[in-house]
Amino acid sequence: MGQPIYKVIENYVKELINSGKLNQGDLIPSEHQLCEEFNVTRMTVRSALNNLVKEGYIARRRGIGSIVLGSKVYDNISSISGFTKEMNSKGYKVSSILVSLEKIESDDEISEKLNINEGDYVWEIKRVRLANDKRLSYMITYMPDKLFPNINETHCMGSLYEYVEEVSGRKIAISEREVEAVISNDELEENLKLDRKEPLLYIKQVCRLDNGEAFEYSHTYHYGYTLTVNAISK
């Protein structure tokens, strides 16, 4: 038995992206074009596109169409909605300790991850995140000053994702993550109040808006924390 037609359309669009025929920021074929090409209803096409949105391949923008987000390893943002929302959903009281908030010039690594020019200003935000007053995570976050010129200490004490969406009026789409185990160093032990070397869950992340623009590059070190990830790979 052959694949359902919506799945055929999904795979067709994925191949356009993974082969490099469509790149980040490009528009995929319109619903009308896909309907004609595959001789199907608009409802079938929309089922395929909705799945591609859930998997992190595209973002749909009203009045414009569907934009390619990329073909790397992605987590659906619904499953990585931020520390605050995740802990609140589990019944924990969330709080933060702001270690530092500084505006610095981006180096080559930060510039590459955020797709900005080297030397452009970014906010460097260092925080300890707590759940029920227990230190769980140490986060180092970089955000472009050009996108968030007015960020302040109050914003950093709460959820940065809420700041991005509710205060700045932008829409978060996807996150690209690399996850590995590391051993704590002096900085991590001091901020997480560890008595000795401990294994930590390290997550390096680039988070993007629905137009494909990177707004966050972060390093997060979790202690006593379990992460469940749903992802697709190229």
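Predicted model: local features only at pLDDT ≥ 70, side-chain atom pairs only at ≥ 80, totals over all residues.
**Entry 1. The whole protein.**
I began with the overall counts. The protein has 234 residues, of which 47% count as buried. I listed its secondary structure as 8 helices and 10 strands. I then looked up how far apart in sequence the contacting residues lie. Among contacts with a separation of 6 or more, 60% join residues 24 or more positions apart.

**Entry 2. H2 against H3.**
I took helix H2, residues 31-38, and helix H3, residues 42-54. Their axes come within 9 Å and cross at roughly 115 degrees. Angles of 65 to 115 degrees count as roughly perpendicular, and H2 and H3 are therefore placed in that class. I noted the crossing of H2 and H3 as right-handed. From H2, the residues in the contact are Glu31, His32, Leu34 and Cys35. Across from them, H3 supplies Arg42, Val45, Arg46 and Leu49. Sorted by class, the residues of this contact give 4 nonpolar, 1 polar and 3 charged.

**Entry 3. The buried side of H2.**
Which residues of H2 are buried? I found Glu31, Leu34, Cys35 and Phe38. Seen down the axis of H2, these buried residues fall within an arc of 105 degrees, so they line one face of the helix. I next asked what covers the buried residues of H2. The cover includes helix H1 (5-18), H3 and strand E1 (58-61). Glu31, Leu34 and Cys35 had already come up in the contact with H3. I also checked the backbone just after H2, where Asn39 takes a positive phi of about 55 degrees.

**Entry 4. H1 against H2.**
I turned to the pair H1 and H2, whose axes come within 12 Å and cross at roughly 120 degrees. H1 and H2 are therefore oblique to each other. H1 passes H2 in a right-handed crossing. On the H1 side, Ile5, Val8, Ile9 and Tyr12 make the contact. On the H2 side, I wrote down Leu34, Glu37 and Phe38. The residues of this contact comprise 6 nonpolar, no polar and 1 charged. Leu34 and Phe38 are also on my list of buried residues in H2.

**Entry 5. H1 against H3.**
I then looked up H1 with H3. The two helices pack at an angle of about 50 degrees, and their axes are 8 Å apart. H1 and H3 are therefore oblique to each other. The crossing of H1 past H3 is right-handed. H1 brings Ile5, Tyr6, Ile9, Glu10, Val13 and Lys14 to the contact. H3 meets them with Thr44, Val45, Ser47, Ala48, Asn51 and Leu52. By class, I have 7 nonpolar, 3 polar and 2 charged residues in the contact of H1 with H3. Ile5 and Ile9 of H1 are in the contact with H2 as well, and Val45 of H3 is likewise in the contact with H2.

**Entry 6. Ser66.**
I ended with a single residue. Ser66 is in strand E2, residues 65-68. Is Ser66 buried or exposed? Buried means under 20% relative accessible area; Ser66 has 7% relative accessibility and so counts as buried. Leaving out residues up to four places away in sequence, Ser66 touches Asp26, Leu27, Ile28, Leu49, Ile58, Ala59 and Arg60. Leu49 was already in my notes, as an H3 residue that meets H2.

Technical notes. Residues numbered from 1 in each chain as written. Heavy atoms only, no water. Axes fitted to C-alpha atoms, helices over the stretch in contact; angles between N-to-C directions. Helix = DSSP H or I, 4+ residues; strand = E, 2+ residues; numbered from the N terminus. Parallel < 35°, antiparallel > 145°, perpendicular 65-115°, else oblique. Left-handed = near helix turned anticlockwise from the far one by under 90°. Contact = heavy atoms within 4.5 Å. Nonpolar A, V, L, I, M, F, W, Y, C, P; charged D, E, K, R; others polar. Buried < 20%, exposed > 50% of the residue type's maximum accessible area, 1.4 Å probe, protein only. Arc of directions from axis to C-beta.
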